Amino acid sequence: MWHQMAFWLCAAGAVGTGIAVFRVDSMARATFALLASFIFAAGTILLLRLTYLGVLVVLMMIMEMVIMAVFMIMYMMNPAGLMPMSMVHNKIGSVVIAAGTFALLTAVILLVPWPSRNGEPPPDPTRALGEALMGSKMLVMMVLGLVLFATMVASVVLATHRGRYDRYGDRLDAKRPNDPVRGGLRR
Amino acid sequence: MTLQMFLIFAAALFSIGLYGALSQQSIVMIMMGLELMVNAIIVAAAAFWYFVAPATADGQVLVLVAVTAMAVEMAMGFAVTTAIFRKRDVDMTDMAADLKG
Amino acid sequence: MVEAGPWWSGVLLPLILVAFALAAAMMDSSLAARDAGGRAGWWEPLRSVGGLLVQQRRRTLAADVLLWRGGIWALLAGGVLASLVTPFGRWSVADLSIGVVWFNAAEVVAWAAVWLVGWGANSAYGLVGGFRFVAQGLAYELPHMFALITAALGAESLRVSDIVAAQESLWFVVWMPAAFAVYLISILSMAFWGPFDQPAGRDITGGVLAELSGVDRLLFSAGRWILLVSGAAFAVPLFLGGGAGPVLPEWLWSVLKTAAVLAFLVWVRRRLPTVRLERYEEIAWMVLIPVMLVQALMVAVVLLVR
């Protein structure tokens, strides 16, 4: 019974804060409304006894949203929402498409005869996940690692405006990189 | 709790995210919409794992893939925003429509 | 060994944390009084608690009060929730199967909390402090995670009671000294304490604390102290064998070890100068992370050949 109540509470909270993301003026509030939505959604995952994944989502999303807040405030013209302004295009069309998608998905969800449950959850789902990732699903893990590595390289290349010639001179012969801020290793 | 409840919840999150991704002008706000949509995938994958196939870990692996996709999407999104902002002082999609056919 | 306590242990936990935090604050203020050449100043925290309780709240123009207060409460909640899985002798409030991840997730709340407090006041100094804490987070969080993972790897489990049980013959601090050192460094940075207090630095008139007064300041400082206490307390089951020890009962050993770690963290603040953020950043990424990778590899190899 309390499972049911907790689910509806989390679901309503996640949907409500999700809508708030696009309704509030302040970018900081939008970011943290999104974080609240993620945490409520993670609550429903915890109800499915996926403790590891639920807590992992919370952990990752807090860090991600704080970083996101930094970028939000960097790039938005009106980060604190003190002067409300509209930053949307094609609002009615978007609402219609979103509502239509929801109606379509709900119809499909209710009409499809979903298969019945096959087997029981393992006593420790975390162990099952680890064994799958290091066993039969090893390829997934390897691809994820490669994708993350490629992302790191690509995002640094895109975001930085200084290359090695800026740092070490045209002949790359400077002993010490010419950086605007020097780190702690006295290089 | 039933599978249908979880899936309808996921569909609601997905639709909200879709609305945001379609209607917002700022690149950063569009990314928030995308994140909501991926979050719906996470909920749906977890629900499918629990209610349909709990014996294998496939659903859990899918959740992990979705979480990684979120991180990658955000990192690349901000890198592109930074690059385009640095080059042209642009932070809205409507101002970066050079490739529009 | 370690088992989940009764329901009222959850009520008891905040009280224990506050007691530890108060003791640590008293030690800090008496050290400060000694350095200043004055008389013993151990009652100073009590006096400032009383003062802050009656002080009026400061209001700033166009403050985002919801996020501001939310950040203050989030810091407090994160510090208390982190200790949910810390065993106190034989009992912990909840012995979760993923205890280490839980601890990590609860203390990462500090990222959001400190930034929100800096942002909410609508003050330039506060915001600079908040951004400094995010930068500090980028420096300390990865080495910290590796330190936690190394201890979990040594016990081959994420459950805290398994980690304590794995140290019956040999404490982890003996064969994972680098992980222990990095853990202590990251605890100091997490509570922006000691050499890593730039987010609340004097050069920006207190940073995130700049606009806090009255009850707000009291709660935020309490949250900061409790975060420090939670970190020190979790070092005991991770690296110092939990409640293991001769003669004395297990809960007393837990208290003594926690007090020792906490006293060290408080004492070290007066012995080390503040590290500038850009320096800490490079040291963390170029030194601490590689060191932790080597440490984790060493632990893994030892486990395989054992």
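What is the percentage of helix and of strand over residues 6-22 of chain B, and how far apart are the end C-alpha atoms? Over that stretch the chain is 100% helix and 0% strand, with the end C-alpha atoms 24 Å apart. Helices (H or I, at least four residues) and strands (E, at least two) are DSSP runs, numbered from the N terminus.

This is a predicted model, in which local features need pLDDT of at least 70, side-chain atom pairs count only at pLDDT 80 or more, and totals for chains, interfaces and linings use all residues. Residues are numbered from 1 along each chain as its sequence is written, while chains are lettered from A and ligands numbered from 1 in the order in which they are written.

**View 1. Confidence in the model and in chain C.** The model has an ipTM of 0.88 and a pTM of 0.90. Mean pLDDT (the predictor's confidence in each residue, from 0 to 100) is 86 for chain C, where 99% of the residues score at least 70. Within chain C, strand S1 (residues 3-4) has the lowest confidence, at a mean of 70, and helix H8 (residues 177-190) the highest, at 91.

View 2. UniProt, in an unreviewed entry, gives the feature "transmembrane region" at residues 6-22, 34-53 and 59-85 of chain B. UniProt positions follow the numbering used here, feature names are shortened, and annotations may be inferred rather than shown by experiment. Residues 59-85 of chain B are 100% helix and 0% strand, and their end C-alpha atoms lie 38 Å apart. For chain A, UniProt lists the feature "transmembrane region" (unreviewed entry) at residues 6-24, 31-48, 54-75, 95-114 and 134-159. Of these, residues 6-24 of chain A are 84% helix and 0% strand, with end C-alpha atoms 26 Å apart. Residues 134-159 of chain A are 88% helix and 0% strand, with end C-alpha atoms 34 Å apart.

**View 3. Contact between chains A and B.** Two residues are in contact if their C-beta atoms, placed from the backbone, lie within 7 Å. Two pairs of chains are in contact, and chains A and B share the most contacts. Here 60 residues of chain B meet 69 residues of chain A. On the side of chain B that touches chain A, helix H1 (3-23), helix H2 (27-51) and helix H3 (58-88) of chain B each supply at least two residues. H3(B) contributes the largest share of that side, 19 residues. Ala, Val, Leu, Ile, Met, Phe, Trp, Tyr, Cys and Pro count as nonpolar, Asp, Glu, Lys and Arg as charged, and the others, Gly among them, as polar.

**View 4. Contact between chains A and C.** Chain A puts 25 residues into this contact and chain C puts in 24 residues. Helix H2 (27-47) and helix H3 (51-75) of chain A each give at least two residues to the side of chain A that touches chain C. H3(A) gives the most to that side, with 12 residues. By class, the side of chain A that touches chain C has 18 nonpolar, five polar and two charged residues. No contact joins chain B and chain C, and their closest C-alpha atoms are 14 Å apart.

View 5. Met27(A) belongs to helix H2 of chain A. Met27(A) is buried, because 24 other C-beta atoms lie within 10 Å. A residue is buried if 20 or more other C-beta atoms lie within 10 Å of its own, exposed if 12 or fewer, and partly exposed in between, with C-beta atoms placed from the backbone. Met27(A) and Met72(A), 45 residues apart in sequence, are 6.5 Å apart in space, C-alpha to C-alpha. Chain A is divided into domain 1 (1-80) and domain 2 (123-179), with bounds that come from an automatic or database domain assignment. The centres of these two domains of chain A, taken over C-alpha atoms, are separated by 27 Å.

**View 6. Largest nonpolar core.** A nonpolar core is a set of buried Ala, Val, Leu, Ile, Met, Phe, Trp, Tyr and Cys residues joined through C-beta atoms within 7 Å. The largest one has 179 residues, of which Ile62(A), Leu13(B), Val43(B), Ala46(B), Ala112(C), Ala151(C) and Val229(C) touch the most other members. H2(B) provides the largest share of this core, 19 residues. Not counting residues up to four places away in sequence, Val229(C) touches Leu17(C), Phe20(C), Ala21(C), Ala24(C) and Leu262(C).

**View 7. Positive phi in two loops.** Arg49(A), in the loop between H2 and H3 of chain A, has a positive phi near 65° and is not a glycine. Arg49(A) is partly exposed, with 15 other C-beta atoms within 10 Å. Asn122(C), also not a glycine, has a positive phi of about 55°. Asn122(C) sits in the loop between helix H4 (99-120) and helix H5 (124-155) of chain C. Asn122(C) has 17 other C-beta atoms within 10 Å, so Asn122(C) is partly exposed.
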